[in-house]
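I opened this notebook to keep track of what I looked up in one structure, entry by entry. The sequence and the model come just below.

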Amino acid sequence: MNQNAPFRARAEIDLAALRDNVRALRARAPRAAVMAVVKSDGYGHGMVPCAKAALAAGATWLGTATPEEALALRAAGIDARVLCWLWTPGGPWREAVEADVDMGVSDPWALGEVVRAAREAGRTARIQLKADTGLGRSGCQPADWASLVAEARAAEATGSVRVTGLWSHFACADEPGHPSIAAQLSVFRDLVAYAEKEGIEPEVRHIANSPATLSLPETHLDLVRTGIAMYGISPSPELGTPADFGLRPVMTLKVSVALVKGVPAGHGVSYGHHYITDTETALGLVPVGYADGIPRHASGRGPVLVGGAWRRVAGRVAMDQFVVDLGPDGAARVQEGDVAVLFGPGDRGEPTAEDWAEAADTIAYEIVTRIGARVTRVHLNELDG
Ligand SMILES: *Cc1c(COP(=O)(O)O)cnc(C)c1O
């Protein structure tokens, strides 16, 4: 792709930064394997290029939510270990077994479906038993663990499955000192000990997500599942900035200004007229909106670097566009085709995804993940082959 070609909106994905981030995470968890979590199109960054970059930098596992995502990695020719964990009844178990995908299993219904698929395929399925150690989302409750372990052992005895992992997920790893962290880790250790006593021999035991990887070394165990940190974003501002952890944001969102025009004082701007110009001024039209993942909640607040200065969204974010007030001399400094940077690493004067998260009262995970399919991804610094 011609990187100088004109564009409406594009997300530049710096794969060199992603590789450096993976190396920084490996250094932080030196005894653990790194699972690069690439669900939801690599948190909006493009799943396959990010998966390849992460593997090139030493990640040895990939993690996805859905089996369809895992199968898409296989279809792209990626043969690393892949764990997927978000199953629904009737899911593509057989395809996943045949594609050598590791499957998260939280419940007997899922174990039953995977056993049937493995028999039909004539293969041994790799499963990883997931415990709910306190998150209260997916995972097997401690009270039901003994029977899930017993059923898994029975299935192992018939050769239809092999339990390759035991795992869980934290509720509050981004809140240092939260009492649930130690409590969950302790429950997890007990459940692992029980399963091993019953004869399960997992390759990997894991519970750490990005915040745990960055701040809780005692949780690293055999493998860390890192998502947001790999994309160079801090899991929460309270924990630290990306730079504090040696991370660099991977995505830069650039938009070409579509129109610059003078308007008189007292002119209403965008739906509902929530912004009224206070002087004669120049408005700049930024042609992305909530259909592109720009949060409508950031109306009146979201920051943009354009014409060398930060401007805030003036009035409402619409489906396809929003407006910034460029000031009385704006037309002298900004023209159509100039680039407005919505967010990036932040070291060239631009805002960050975290700034947008603050403006929209959400988390930076949501900002990058929701950038829509209409925004072209341009992968920079891709390794050959
Ligand atoms: C998304 C997800 C992760 C990665 O979380 P980050 O906070 O982005 O590192 C890890 N494990 C599971 C089960 C997940 O769903």
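The entries that follow go from the pockets to the strands, a helix, the rings and a loop.

**Ground rules.** I am reading a predicted model, in which local features need pLDDT of at least 70 and side-chain atom pairs count only at pLDDT 80 or more, while totals for chains, interfaces and linings use all residues. Residues are numbered from 1 along each chain as its sequence is written, and side-chain values use heavy atoms, with hydrogens and water left out.

**Largest pocket.** I looked up the open space, where a pocket is an open set of points on a 1 Å grid over the protein atoms alone, with protein on both sides within 12 Å along at least five of seven lines. The largest pocket holds about 720 Å³ of space, a volume being the space filled by probe spheres set on the points, which are joined across faces, edges and corners. I found 28 residues in its lining (an atom within 4 Å of a point), and K39, R137, H169, N209 and Y365 lie nearest the pocket's centre. The elements that give two or more residues to this lining are α2 (39-43), α9 (210-215), β9 (223-226) and α12 (364-369); helices (H or I, at least four residues) and strands (E, at least two) are DSSP runs numbered from the N terminus. Helix α2 gives the largest share, 3 residues. By type, I noted 15 nonpolar, 8 polar and 5 charged residues in the lining of the largest pocket, where Ala, Val, Leu, Ile, Met, Phe, Trp, Tyr, Cys and Pro count as nonpolar, Asp, Glu, Lys and Arg as charged, and the others, Gly among them, as polar.

Strand β3 (residues 61-64) pairs with β4 in the parallel sense over 4 bridges, pairing needing at least two DSSP bridges, and G63 has L83 as its bridge partner. In helix α3 (residues 47-56), I listed M47, P49, C50, A51, A53 and A54 as buried.

**Rings.** I counted 6 aromatic pairs, meaning rings of Phe, Tyr and Trp (its six-membered ring) with centres within 6.5 Å, where planes under 30 degrees apart are stacked, over 60 edge-to-face and the rest tilted. F322 and W356 form a tilted pair, 6.4 Å centre to centre with 55 degrees between the planes. F322 lies in strand β17 (residues 322-327) and W356 in helix α11 (residues 353-359), so this pair ties together parts 34 residues apart in sequence. Y43, Y231 and Y365 are linked into a cluster by ring pairs.

**Loop.** E336, in the loop between α10 (330-333) and β18 (339-343), is partly exposed at 40% relative accessible area.

Note on methods
1 Å grid on protein atoms, 1.4 Å probe; cavity = no way out; pocket = protein on both sides within 12 Å on 5 of 7 lines; lining within 4 Å. Buried < 20%, exposed > 50% of the residue type's maximum accessible area, 1.4 Å probe, protein only.
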